[in-house]
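Visitor: I would like to go through this model with you. Could we have it on screen before we start?

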Amino acid sequence: MSAPVPLGLKKSFGFGDRLGLATPGHLAAVRQFPDFAPIFAQQSIREMTRTRRTPGEVMTAAQAALDAAGFTGAWGADGDHQKTAEDVVAVAGAGFCFFTIDPSAHVNNAADSLDEAALRAEVARQEAEGLYAGFGWRDYYLDRVFSVSTRFAPLRFDEESLLRAMVKYGRATAHAEMMGQAIAKASGGRGEIEVSVDETDSPTSPLEHLFFALELQRRGVPNLVSLAPRFVGEFEKGVDYRGDLAEFERLLHAHAAIARFTGPYKISIHSGSDKFSAYPVIGRVCGERLHVKTAGTSYLEALRVVARVKPGLFSAIAGYCRGRFDTDRASYHISATPARVAALPAFRGPSEEGVYLDELVGRQLLHVTFGSVLTLGADAQGRPFKEAILEVLNANAPLHAELLERHFVKHLSLLQAG
Ligand SMILES: [Zn+2]
C-alpha cells in the first residue's frame, strides 16, 4: 500500500478531505503542477472529532485512492492542529509523518495591550516557572542585530518589544518544545514538524515571528519544516482574502525572510482555500519555501455535486444548515451573520447554486455546519445526510473529480502565476 513520506522543504500543498472521496480529484489537479509536493491525508484533530473519523480512516481513504490510481510519487500526511501529546500518539499510530503543533492555547492574546508593569510581572512569573532556566535572554535578544534580509532595515528588539513577545509567545514555545519531544518519540525521530499560531486574535508581527523562531531553535524543536504565523487581514474559511493586499505583501516579505534566516523553513498558509486574490503574491514572495493548506473548499465541491445531481437533497441540507448556523458559527471567525443567512433565498435548483456555493454568505453557512451535517443531520425520512451524500458522490465519481480538478487547478495556477 502507498505510504506517506516526509517532504522536507519542498514546496507543498495540503488537500484536506473530510468525506474521504476527494483524493482522485486532488490528484488529477496536482499532477499538472509537479512543483508542488502533495499532502493527501490532512485533517485536524478538531475536524476528526467533528466528522467522527479516526486518523486511521483519514489515512486509509487517501491510500486506497492513490493505490487505485496507481500513484507512485511522494506524498505527505499531515496531522493538523495537534494540541496534546495524546493527539500526537494517535496520528503517529496511523502512519502520519507530518505533525502540526498548535500551541494557541498558550498564546497570550492580551499581550498587545498590557502596560509595562503587567508585562514585567508576567515575564517574572515565566522565569519563576523555569521557562528561561539557564538562558541569558536579555543578552541574547537585546544586544543583537538581526540582518534577516537586505530588503529591510535589520530587526532588533528593544526591551518593551521583547517583553511583549515573551508574554505573548513564551509559553507557546515551551509547549511546542514538549510537543516536539512527543513527536520525536512517537515517530521514531522521523516526524516533520510545523508550528502554527494562525488561529490567534492578533497578527504575528515580524519581530514576534523572529522571537518565536529563535525560541523554537534554542529549545531544540526538531525537524521544523514550516511555520504558520497569523497574518494581517482576514483569512476567513472558504472565501477570498479580505484586507489590505499591499500591507499583506509587505509583511509577508518580512515573514519569508525570517523563515529563511532562522530556518530555513516554509511559510505555511492556513485557511488557504479560495484566497485567489492573494495567491499570486503568496507564490511570488514565498517561492519554494511555501506550504498551503485547504480543507473546507473540497467539502463545498462535494456539495456542488449534490446540488447538481440531487437538488432535493441539497435543499434539505441547506435548510438544515440554516437552522444550525447560530450554534455552529460559534467557533469560527466569519463575516456571515444570522441576519445575512436568514436573507438567503431557499435553494430550489440551478438558479440558487451560486448563492450557496460561490458567494460568501452561502459558502460560510455550509462551511461552519459541516460537522453537524455529517454527524447529526438527516433527511425527512431519517436517513443520515452523510450516507446520502456519500451515495451521490460514489455514483457520480467522474463529476466529483472533474469539479475538484477544475477548482484546484485554479488554486495552483494562481499560486504559480506569482
Ligand atoms: Zn490552521
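Visitor: Where does G70 lie?
Guide: G70 sits in the loop between α3 and β3; helices (H or I, at least four residues) and strands (E, at least two) are DSSP runs numbered from the N terminus. The model is a predicted one, in which local features need pLDDT of at least 70, side-chain atom pairs count only at pLDDT 80 or more, and totals for chains, interfaces and linings use all residues. Residues are numbered from 1 along each chain as its sequence is written.

Visitor: Is G70 buried or exposed?
Guide: G70 counts as exposed because it has 7 C-beta neighbours inside 10 Å.

Visitor: What phi does G70 take?
Guide: Just after α3, G70 adopts a positive phi of about 70 degrees. The C-alpha atom of G70 is also 9.1 Å from that of S2, although the two are 68 residues apart along the chain.

Visitor: Which residues of α3 are buried?
Guide: The buried residues are P55, V58, M59, A61, A62, Q63, A65 and L66.

Visitor: And what do they pack against?
Guide: The buried residues of α3 pack against α1 (23-30), β2 (37-44), α2 (45-51), β3 (76-82) and α4 (85-93). Contact here requires C-beta atoms, placed from the backbone, within 7 Å.

Visitor: Changing topic, how is the chain divided into domains?
Guide: Domain 1 covers 12-110 + 137-296 + 410-417, and domain 2 covers 298-408; the bounds come from an automatic or database domain assignment. Their centres, taken over C-alpha atoms, are separated by 27 Å.

Visitor: How many residues does each domain put into the contact?
Guide: Domain 1 supplies 26 residues and domain 2 supplies 28 residues. On the domain 1 side, α1, α2 and α18 (397-417) each give two or more residues, and α1 gives the most, with six residues.

Visitor: Lastly, how many helices and strands are in the chain?
Guide: The chain has 18 helices and eight strands. Of its 418 residues, 49% are buried.

Definitions and conventions: A residue is buried if 20 or more other C-beta atoms lie within 10 Å of its own, exposed if 12 or fewer, and partly exposed in between; C-beta atoms are placed from the backbone. Two residues are in contact if their C-beta atoms, placed from the backbone, lie within 7 Å.
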